[in-house]
Amino acid sequence: MAVVGAVCALLCAAAPASGQARAELAARIDSLDRVALSQRARLAQLDSMAEARRRAIVMDTTRIGPFLLVDPDTADNARAAEAIAAVWSQYSAVAGEGAARIAGATVTSSPPQSFGTLAQAYSFNPGIWGGLDRERAAHVVVRSALTDALPSDVRDWLLGARVTLRPDNTQAYRELATAHSHSARACYDGDTAACIVTLGLVDPGADWERWYTPDELRAQVAQRVRPMDAAYACANDGDHEACLQALRALHGALPPVGGGARAGLLAHALGEGGPGSFERLFAPAPDVGSRIAHAAGTSLDVVIDGWRARLDEARPDMRAGVIDAGVWTVVWLAALALLATRSTRWRIG
Amino acid sequence: MRSEMTQMLRLQWQSSRWLLLVLAVICIGLPQASVRLALWVGGDDVLASGRLLAQLGSTSGLYPFLAAITGALVALTAWNWDHRTGHVYALSLPVSRTQYALLKLWAGAVVMLVPVLAIWAGAWIATAMTTLPSGLRAYPFAFGARFLLAALLVYATVFALASGTIRTTLIVTGVFCVLFIGGSIAVPWIESQFGVDLISPTQVLGEAFTSWPGPFRVFGGSWLLIDV
């Protein structure tokens, strides 16, 4: 009301007017006040309606392995539970006793405002990603929970990628084949030690020299810095120290291959290690490489060689796809040609 | 028989030559345009491989579309003058309907080699005139073969559809659309009402495009002209 009074005083001072004009101004100010009040009343009404809706929802809690699915009791909830159970069955053997580390992880497909206390729950929502179906949404939930439970050094090493048992090795192959890094090229050519360096399992060196040559570092600066920036000059004049400083200002050189390839290595190690391999990641170990070797139950070199073999198997083979396609295409062509010959010429009228 | 094949080929050529010319120009130009665009966007520095692949991937969706258009248009031109003249011409020929349809199928497939050879040439020229970044290879032959198979499949499908009357074609297409749209709406509703899992038309179509022996699996593969 103090504000209303001040506005009234201001208006009255600005426009000394007749009694009728003053009455009109007062009416307008009253109406403004009423609008504000009605808006506040409307908000309060919405709040109470939302609260009533929250109370009306019958929540159902379903336990699926280590997960707790908390959702309204609907048919959708039952299908979400089925999808998570199906995906968890693929991961449960690998997780072994490590499942206890994610015990009680809450999953929900309801919007967060339905129950504020579960804001940290894993979201199961096939709709969020458009075409993503229930199975993929369940994969996201299970993989996210397992990733969050990882030892922090392994989680950091993954560069934001999630634990998976179905890595995209084709993409990793592409990444390795096109990486502008001497260690990645050596890894591509089958050098196991170079793969260990490329995957960031050992220190790349203070100046990232185990990953990149000075020329390769300069090329990275040229890519990451705008031409008008001072740091860009090092790419042209070949001042290696200046390039190193530029990269340090950019929080370091980018690894030759990203998190997807690293997640692929972890997936291979978990697969090789079999039941309980996930739990073995938590055994005391000096570094990530040792953890991975421990999980796989073999030496790191063997794990890396196996991973490289998987990448070679996943190499995109354009010719093979066409040959497969050709065989089936001939079969379908014959069927369609047969269909076409069954039409009749007698169609007049 | 040879003269009948020649006559049918000549007839097919006459009815579709301008269309084939346009398609050939597009087919020879598109691979070159997409490779040039990828090089322009990706840059010519040593780190360009990844960007080049990403850019080529973003335009690779045009090729299956072009293959489908090529196959469909050639199939439609094959039956166009039959439909226009009420199939009188076919009735006047001393060949069986089966033989007539096969001759027509053969003639259409042969003239479709014009755009297919054009895209092959376009892909070959585009990659031969480009210095690829390290780690990348060109696959113009496999790319052209994929285009040929995809175009042939659509050609045969539309040819079979168009071999009937326009009414039959419309009925078949209409029933397919109704089943697809109706099914896409009905299946989720039935699933949510009765708590059952059904196969939706979208899934069936998806399978046809992504797995053997789905007829359109060739469309689901990689259409990259350049890859690792």
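Helices (H or I, at least four residues) and strands (E, at least two) are taken here as DSSP runs, numbered from the N terminus. This is a predicted model, in which local features need pLDDT of at least 70 and side-chain atom pairs count only at pLDDT 80 or more, while totals for chains, interfaces and linings use all residues. Residues are numbered from 1 along each chain as its sequence is written, and chains are lettered from A and ligands numbered from 1 in the order in which they are written.

**Chain B and its helix α1**

Begin by selecting chain B, which has ten helices and two strands, and whose C-alpha atoms fill a box of roughly 65 × 60 × 25 Å along the principal axes. A residue is called buried if 20 or more other C-beta atoms lie within 10 Å of its own, exposed if 12 or fewer do, and partly exposed in between, with C-beta atoms placed from the backbone. By that count, 38% of the 228 residues of chain B are buried. Two residues are in contact if their C-beta atoms, placed from the backbone, lie within 7 Å; among contacts in chain B between residues at least 6 apart in sequence, 74% join residues at least 24 apart.

Next pick Val25(B), which is found in helix α1 (residues 2-42) of chain B and counts as partly exposed because it has 13 C-beta neighbours inside 10 Å.

**Where the chains meet**

Now show both chains and select the contact between them, to which chain B gives 42 residues and chain A gives 33 residues. On the side of chain B that touches chain A, the elements giving two or more residues are α2 (48-59), α4 (88-92), α5 (97-111), α7 (140-162) and α10 (217-220) of chain B. Of these, α7(B) supplies the largest share, ten residues. If you colour this side by class (Ala, Val, Leu, Ile, Met, Phe, Trp, Tyr, Cys and Pro as nonpolar, Asp, Glu, Lys and Arg as charged, and the others, Gly among them, as polar), you will find 23 nonpolar, 14 polar and five charged residues.

**Chain A and its domains**

Move to chain A, where the secondary structure comes to 16 helices and four strands and buried residues make up 36% of the 349 residues. Chain A is divided into domain 1 (59-149) and domain 2 (169-211 + 255-313), with bounds that come from an automatic or database domain assignment. Seven residues of domain 1 of chain A are in contact with six residues of domain 2 of chain A, and on the domain 1 side α3(A) gives the most, with three residues.

Select helix α14 (residues 288-296) of chain A, which is mostly covered, with seven of its nine residues buried. Its cover includes α5, α8 (192-198), α12, α13 (277-280) and α15 (300-313) of chain A. Just after α14(A), Gly297(A) takes a positive phi of about 75 degrees.

Then select helix α4 (residues 134-149) of chain A, whose buried residues include Arg134(A), His139(A) and Arg143(A).

**Two loop residues**

Finish with Leu159(A), in the loop between α5 (152-157) and α6 (169-178) of chain A, which has a positive phi of about 55 degrees although it is not a glycine. Leu159(A) counts as partly exposed because it has 16 C-beta neighbours inside 10 Å. His251(A), in the loop between α11 (240-249) and α12 (259-273) of chain A, likewise has a positive phi, near 65 degrees, and is exposed, with 7 other C-beta atoms within 10 Å.
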